[in-house]
Amino acid sequence: MAKFFRHSNGIGWLKITWLELAKYSGNMMPICDECLKDLIGFSNVVLIPILNEAYCPECGKKVLERTKSYPEDKPIEERREKFWLNYFGIKEVK
């Protein structure tokens, strides 16, 4: 089940399963957008809406650390977060 989080740097991200990613994308063999590792079997894929990319847990942690939020990107960031929250039926963001 998808869960939404906000990193200490303000970047929103979701923890999803590889099956949730595969169902959305139609790709039954998803890979990490950083290291290209096979994500099959992962229950903790990191999906970062502002980047519109999914990562294995190790790369997701590194990418979140280095990602910055820019004021000019805020409308895109909010729109993408809203899309994913709606897609996964997440109502309340803590």
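Predicted model: local features only at pLDDT ≥ 70, side-chain atom pairs only at ≥ 80, totals over all residues.
Let me start with H7, which is found in the loop between strand 1 and strand 2. Is H7 buried or exposed? At 16% relative accessibility, H7 counts as buried, because the cut-off for buried is under 20%. Which residues does H7 touch, apart from its neighbours within four places in sequence? They are W13, L64 and E65.

Strand 1 covers residues 3-6, and it pairs with strand 2 in the antiparallel sense over four bridges. F4 stands opposite L14 in strand 2, and F5 stands opposite W13 in strand 2. W13 is also one of the contacts of H7. In a regular strand the side chains alternate between the two faces of the sheet. The hairpin of strand 1 and strand 2 has five residues between the strands, and in it G10 takes a positive phi near 95°.

Stay with strand 2, residues 12-16. Four of its five residues are buried, so strand 2 is mostly covered. Strand 2 is joined to strand 3 as well, by three bridges, and these two run antiparallel. Here I16 stands opposite V45 in strand 3.

T17 is buried, with a relative accessible area of 19%. With the cut-off at under 20%, that value still counts as buried. Leaving aside neighbours within four places in sequence, T17 is in contact with M1, F42, S43 and V45. V45 is the residue of strand 3 that I16 faces. If you want a distance to check on the screen, take the C-alpha atoms of T17 and K61: they are separated by 16 Å, and the two residues are 44 apart along the chain.

Next is helix 1, residues 18-25. Its buried residues are W18, E20, L21 and A22. What do the buried residues of helix 1 pack against? The answer is strand 2, strand 3, strand 4 and helix 3, which is residues 74-88. Just after helix 1, G26 takes a positive phi of about 80°.

One is L36, with a phi of about 70°. L36 is found in the loop between helix 1 and strand 3, and is exposed, with a relative accessible area of 59%. The other is N52, where phi is near 55°. N52 lies in the loop between strand 3 and strand 4.

Rolling a probe the size of a water molecule over the atoms shows where empty space is left. In the largest pocket, that space is about 170 Å³. Which element gives the most to the lining? Helix 1 does, with three residues. Strand 4, residues 53-55, also supplies at least two.

Last, helix 2, residues 57-66. Where on helix 2 do we find the buried residues, on the same side or all around? The buried ones are C59, G60, V63 and L64. They cover an arc of only 135° around the axis, which puts them on the same side of helix 2. What covers these residues includes strand 2, strand 3 and strand 4. The face turned away from that buried side carries the exposed residues K61, K62, E65 and R66.

That brings us back to the start. L64, on the buried side of helix 2, and E65, on the face turned away, are both contacts of H7.

Notes
Residues numbered from 1 in each chain as written. Heavy atoms only, no water. 1 Å grid on protein atoms, 1.4 Å probe; cavity = no way out; pocket = protein on both sides within 12 Å on 5 of 7 lines; lining within 4 Å. Points joined across faces, edges and corners; volume = space filled by probe spheres on them. Buried < 20%, exposed > 50% of the residue type's maximum accessible area, 1.4 Å probe, protein only. Arc of directions from axis to C-beta. Contact = heavy atoms within 4.5 Å. Pairing = 2+ DSSP bridges.
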